[in-house]
Structures are given as structure tokens and as C-alpha cells.
Number of protein chains: 2
Amino acid sequence: MQNFEYYARTKIIFGKETENSAGSETALHARRALLHHSGGHAVKSGLIDRIKDSLKAAGVEWVELGGVQPNPRLSLVYKGIDIVKKEKLGCILGVGGGSAIDSAKAIALGAANDGDVWDFFERKKTASQSLPVGAVVTIPAAGSESSNSCVITNEAGPWKRGVNAECNRPVFAILNPELTYSLPPYQTACGICDMMAHIMERYFTREPNVELTDELCEGALRAIIRNARRIFSGGEKDYAARAEIMWAGTLAHNNLLGTGRVGDWASHPISHEITALFETAHGAALSIIFPAWMQYNIKASAGTTEDTARFARFAAKVWGVDGAFYGPEQAALEGIFRMKNFFRSIGLPVSLAEANIDASRIGEMAHRAVKFGPLGNFRKLEEKDIEAIYRIAGEM
Amino acid sequence: MQNFEYYARTKIIFGKETENSAGSETALHARRALLHHSGGHAVKSGLIDRIKDSLKAAGVEWVELGGVQPNPRLSLVYKGIDIVKKEKLGCILGVGGGSAIDSAKAIALGAANDGDVWDFFERKKTASQSLPVGAVVTIPAAGSESSNSCVITNEAGPWKRGVNAECNRPVFAILNPELTYSLPPYQTACGICDMMAHIMERYFTREPNVELTDELCEGALRAIIRNARRIFSGGEKDYAARAEIMWAGTLAHNNLLGTGRVGDWASHPISHEITALFETAHGAALSIIFPAWMQYNIKASAGTTEDTARFARFAAKVWGVDGAFYGPEQAALEGIFRMKNFFRSIGLPVSLAEANIDASRIGEMAHRAVKFGPLGNFRKLEEKDIEAIYRIAGEM
């Protein structure tokens, strides 16, 4: 186990009607706030109005900035930063899914620092201070509400890039599972894949002796899978199942499940290139790439049983593959097969073709993916490896 | 799942040589601190000197107060409060196990509030503010380093009483597993039982649909049991096993494993009476009481299969009892049997006789235990129920 720091400082307020504490929680940090959201359903459903009532009741003034898009754009972040500076706002309240919260984080980062905020994403500067961010979550997926990460798309490229920094963690996060009843099934499914990917990125490590964290990862994945099945078997308004999924989404990415180890984190950037070129939803890009990444690793590790053992354990513990009836490699492959079946059963693609992605651009995506160097820690992946992973995803 | 707030704000610094950051972490909160510990091994081993060097390097002045005893005493807390007020100290740094850290928390609480600090323990006042507390942990057990609880013994009774309040949570906790190599085996074992009890108190709930938390609890218990066996099979200096146990001890009690549910919390106060009268170590009192509490519940629930099902699940998931070969009640009892065997295997008592506790005082203990009313949430326990639990512990 490696030395680590763990500082999940976000105050979690979880349960029915909790959005009504948005005002009192914001008031603990500032008297003037930016209310930042996507518009659309959050407005139509009356959620934004309830939050405004709550801000009013707590004596917090606000400026509203809607219009966040999926894969949130740098141009709107710049606009938010201008408003925050001009209006002297002290807190950014992001309402929505990972996009709205990431956009809020980027605005907070830009407003608290001089210069171009994109420099942090280009790794020209290191982030160490930000304004306080609060989050009201409507889509359990990204885990942004208590994570240190922030991913923004610069339309000029397009480049999709992330900044991980402790100052990015929201100071509070409000999670009401009822707000997720009305999510379209595809969005629910994408969220489920995203949170599973956050756990799997941390699970696939070469660090020995991280048994407690392994147990927590495996348990969380099993709980997600079972409750996802419940939602997709007519349980759209099953509070318990929605609540388990929502809480899992937060725990998946606050780094509890990554303590004492280095995770892999290749599948995320590999899938980002699909999203950047084809606007595929993040969760759907992950359901295509993660199985392909696993299959590539098992193939590439031919002969090194230690690698395969990790995937065989994953198959046994998470997907119930009986090790007594399979050899390690066969067990590992059976685990991937079951994972793909699960993704398909909730309506997600598991191949490039199923998401209408043009395989002729594989070379271009692989080239873009290594802009900052090889990817991954479980296995270092060069451009040719990444190309092979896209090809596996193309064949499946 | 019930609504909940979860705010585990303690910054965790985990790993080898981390005690050398005690100074820089303290300096983030105050320039003058109380250095509070038990003396003994912490001094002899050079740990206190290393911490002093670290305080000095960070420009923090300190006043030292040693002498914390197991089941920390109110008289020393009063002494600490006087020093902190007189010397205008801004942070309490507790070094040791749960006793030293609880004593530090009580001093911080008393110094930040007017009046008698014992009033908080007698439930005459509610705690809402405290001074910042830092912790350097040498005994993984109580989880006090990131919990909201604080248990102190008032010698006048003797009464052992606790205060649970968010303001009690330390602002930082430093955990170096190497510091636990030299713990006597009995103390290691008591700590292991204590952390398991913290998880089990939360696990035994009647709240339905807390599946994610159930999975996390069961996984943490399995990891503790396996790594305990490793330590007690010649692995006193096995860093990995010591590290797993130490991190588990923290997670067991920061309330991650209690989110969305009401735990039971009868076994702790029932065992406190044993400690108050016989000075039995806290962990050893728990290894006697928890199996007896479980057995009483299974007996009392005769006919209500839902209750027994909870204990049968515990037996299956934590102790590997095969449900296909046992009926639910038999499975549940087999689980208790295995748990007792495990406790015995690491040198803990599982009956009153094994700890030389005078069974003739059972009536007195049961009477004292209900001073503030019935105990427990899984099943409300009156004086006669508690007496029956002590009797089961007397028979075993």
C-alpha cells in the first residue's frame, strides 16, 4: 500500500427534498452567488425555482447563468468568469449533472486566479486556489459533486481536457434521488457506466496489498449492477434503487476507492477522443472502450499470469464467474462477456459500430490520445496500443 | 434509505513516516498547541520527540500534557482545559490511541465552551463548537481520529459516557502503520474487535434498502478478519497487514458505513458497564458482549424470520457460512460460533468467566446500563433484556 492523503471535505446532504437547503448551505460561504445550470429540464421541472426560493429565504443574492451543454464548453466558462468578477460573486452553485458542476468548477477556478483558465487544462499552470463551489446533482454519473476533477471542452480543437486539483472539490453537495426519476433511460445508463468506470479505473492497479479498497470497490460495483437492473426492470421511480445508484456515483469518484494505490486511467482519455470527434455521450464511449481495454490487456499479458489474475478476480467477485470451472484467462474473458451483456441490457453500445462511429478515424483518435504522452498505469499504452484497443472496439 | 448528512471533514495523512508532518499540519490551525499523550511507549519509542522536532520546524510552540490512561479520566480533561485557557493554546494535538484522542477532544470541547464540560456528557447541553483537534494515531481501534464521538470516564461514578457531535471531528489525522508494530498482541486484538464492533453496530439495522452500505460493511469486515489472521500468524511487522487494519479502523467509524440508516448501538453501552466496574479493556468487553447480543436477538426473534435473516446474511457474507446447507437460524448461530472462534484465536475473551468478571454483579450492570432509558434500535432493550444478554455472556 502506498502512502496517501485523503481529504474528502465535501459536506453531503442526501435525501428527499434536500434541494431546499441549497440557500442555507450557500449562505455559509457567500452572500452573492452565481447560479449556474443547463436550463432545460432543471428549469421546466421547477427545480431552479425551488432553489431560487431557498436562496431568497437564506438572504443570498444571485446572478443566473444557464446554457451549460453536455461536454461543457470553454466559451461559457469564460462568460461565467467575467460575470463572477464583475458582479463580485463569492460562490458558484452548479445545478445539474457533471457538465454543470464541472463548468461551475472551471468558473470558480478562473475567477480565483489571474490569466487564462485554459492554461490549467493545458498543464501550463498548477491549480491551488478556487472559489467555493456548491452542487445540486440531478444526474448521478460523473461524481463531480465531491471529486477533485474538472473536465472542459475547448471548441477550438476540439480538445477535451481535465484538471485534477484539491481546490476543485465542492464545499457541499446536495443529492435528492427523486430528481433522477425523470432522467431518460439512456442518460441513466450512461451515468451508471460512468460511475462503474470511475471504480474500475481505480481497481485495475498493480499495487499489491490494497485488499480493503479492493473489497470496497467490488462491493460498490455489485450494488450498482443490482440496483441498475432494478431501475431497468420498471423501477424508474423506485426510490431505494435510485438512492443506491446516486450515492454510489458520489463514492465512486471522491477517491475513497483509490486510497493507497495508483489507478490506471487510460480508458477515460481513450474514450474522450470518441466524444471529442463524434459527440458520443461520455458513458457510452466508456461502455465501448472499457471492455476493449480489458480484452487488450488480457491478450497483451499472455504468459504473465499475474496480470490475468487481476481480471479473473474481477470476473469472479463482480460478475460471479465461478473460478472452479474456468482457467484464469477464460474466467477473465467470461467476465468481459458478462459486463458487455450488462451494458447492452441497459441500452448502451459496446462497439464502435453500435454507436455509429466511423472506424476510418481510429488512427487519428489514437494519435490525438497520446498528445501528452503514453496513457495508463496498469499497462503503459503507446499510440499503437491505443489504436489496437480502438480496433478491438471496432470488431466487437 | 433515510435522508442523511455525511461530512467526514478530517484530512487523512496515511503511511510511512507521516508523523513528521504533525508540525506543518498543526501550523495550519494554530501557532500554539497542547501536545497531549499517554506517556509510556510514545515517549520511550522516540515518537513524541519526533513530533516535537516537527512542531519546532513548523514554528509551533507547545505545552505538553501526558498521563492519559485507558478509559480516559475526566480529572485529566479538567487539567487540560485549565492549561489551554491559561496558555491561550489554539489546537489540541492528541498522540496515542482512542484514549488520548478522546481526551484531546474533551479538552478542546471544554476549552471552547463556558461551564462544566461534563454537562455535555450528562446530556444537559448540546455541543456545537470546539477547538481544532489533530491526531497522531498509534493504536488502530477506536476510530476516534475521524469520528464525531468522544468517550470519557468520570471517576466519581465511575460513569463512562460519550458525546457525539460534528464539532468533535479532528481536523487532521496522521496514521503510520509502522507505529503499530510494537503493540502488545492483546492490544492489537482489542483494537481489531473494536473496529469490527463499530461496523457491526451500523450493520445491524432494520432500515431496508441500504445495499451499498451493506456491501461496504461486509467487505471491510472480511478485509479486517483476513489481515488480522495475517498479523496473528507471525505478521507483527507485516506492513501491508498493519496498514489494512489501520485504515479499516478509521473507515469503520467515520460514519461512511452508517449512511442512510440507524445503527443499533446497544452493545457498546452494555460493554461500557463491564469496563466501568472491572476495567476490562474496551475491545475485550465487546468480544464478550457482541456474540451474546446476537444470540439474544436470534432467540428473541423466534418466529420473525426477517430478524434472523439479517444474522444469517451476516453469517454468509462475513463468515462464509453456506446458506445452502443451513436453515436461516442455524446459519445465524454458525456465524456467531465462527465469530467467537475468531475472537478466541486472536486471544480475546468471549465469556464473562474468561475475563474474570464476577457474574454476581450482572443485575447491577443491567440496572446501570439503562440509566438514560432502553438501549438499541435493532431491538429496544429494557433492563431485563440486558440482564439476559449478560447472562448469555456468563454461560458461554
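The charged end of B:Lys125 sits over the ring of B:Phe120, 5.0 Å from the ring centre, and in chain A the charged end of A:Arg310 lies over the ring of A:Tyr203, at 4.2 Å from its centre. A charge is taken to sit over a ring if NZ of Lys or CZ of Arg is within 6 Å of the ring centre and within 35 degrees of the ring normal. The structure is a predicted model, in which local features need pLDDT of at least 70 and side-chain atom pairs count only at pLDDT 80 or more, while totals for chains, interfaces and linings use all residues. Residues are numbered from 1 along each chain as its sequence is written, chains are lettered from A and ligands numbered from 1 in the order in which they are written, and side-chain values use heavy atoms, with hydrogens and water left out.

## Aromatic pairs

A:Tyr203 also belongs to an aromatic cluster, which it forms with A:Phe204, A:Phe290, A:Trp293, A:Phe311, A:Phe314 and A:Phe378. Over all chains, a search of the whole structure finds 34 aromatic pairs; rings of Phe, Tyr and Trp (its six-membered ring) pair if their centres lie within 6.5 Å, and planes under 30 degrees apart count as stacked, over 60 as edge-to-face and the rest as tilted.

A:Trp118 and A:Phe121 both lie in helix H6 (residues 118-121) of chain A, 3 residues apart, or about one turn of the helix; helices (H or I, at least four residues) and strands (E, at least two) are DSSP runs, numbered from the N terminus. In the other pair, B:Trp293 lies in helix H11 (residues 282-300) of chain B and B:Phe378 in the loop between helix H14 (362-369) and helix H15 (383-395) of chain B, so the contact ties together parts that are 85 residues apart in sequence. Both A:Trp118 and A:Phe121 are buried, and both B:Trp293 and B:Phe378 are buried as well, where buried means under 20% relative accessible area, exposed over 50% and partly exposed in between (1.4 Å probe, protein chains only).

## Relation of the two chains

The same surface serves both copies, since 100% of the contact residues of chain A recur in chain B, contact meaning heavy atoms within 4.5 Å.

Seen from chain A, 7 strands form an open sheet of mixed pairing in the order E4(A)-E3(A)-E5(A)-E6(A)-E9(A)-E2(A)-E1(B); two strands pair if DSSP finds at least two bridges between them. Its edge strands are strand E4 (61-65) of chain A and strand E1 (4-6) of chain B, each of which pairs on one side only. Neighbouring strands of this sheet are turned by 15 degrees against each other on average, direction ignored. Within the sheet, strand E6 (residues 133-137) and strand E9 (residues 172-175) of chain A pair in the parallel sense over 4 bridges, and the bridge partner of A:Val137 in E9(A) is A:Leu175. Helix H5 (residues 98-112) of chain A packs on the sheet, touching strand E3 (32-37), E4, strand E5 (91-96) and E6 of chain A, and its direction makes about 165 degrees with that of E5(A). Axes are lines fitted to C-alpha atoms, for helices over the stretch in contact, and angles run from 0 to 180 degrees between N-to-C directions.

Another open sheet of 7 strands, with mixed pairing, has the order E1(A)-E2(B)-E9(B)-E6(B)-E5(B)-E3(B)-E4(B). Strand E1 (4-6) of chain A and E4 of chain B stand at the edges with a single partner strand each, so one side of each is left without a neighbour in the sheet. Strand E3 (residues 32-37) of chain B is mostly covered, with 5 of its 6 residues buried. E3(B) pairs in the parallel sense with strand E4 (residues 61-65) of chain B over 5 bridges, and B:Arg32 stands opposite B:Glu61 in E4(B). Another 5 bridges join E3(B) to strand E5 (residues 91-96) of chain B, which run parallel, with B:His37 opposite B:Val95 in E5(B).
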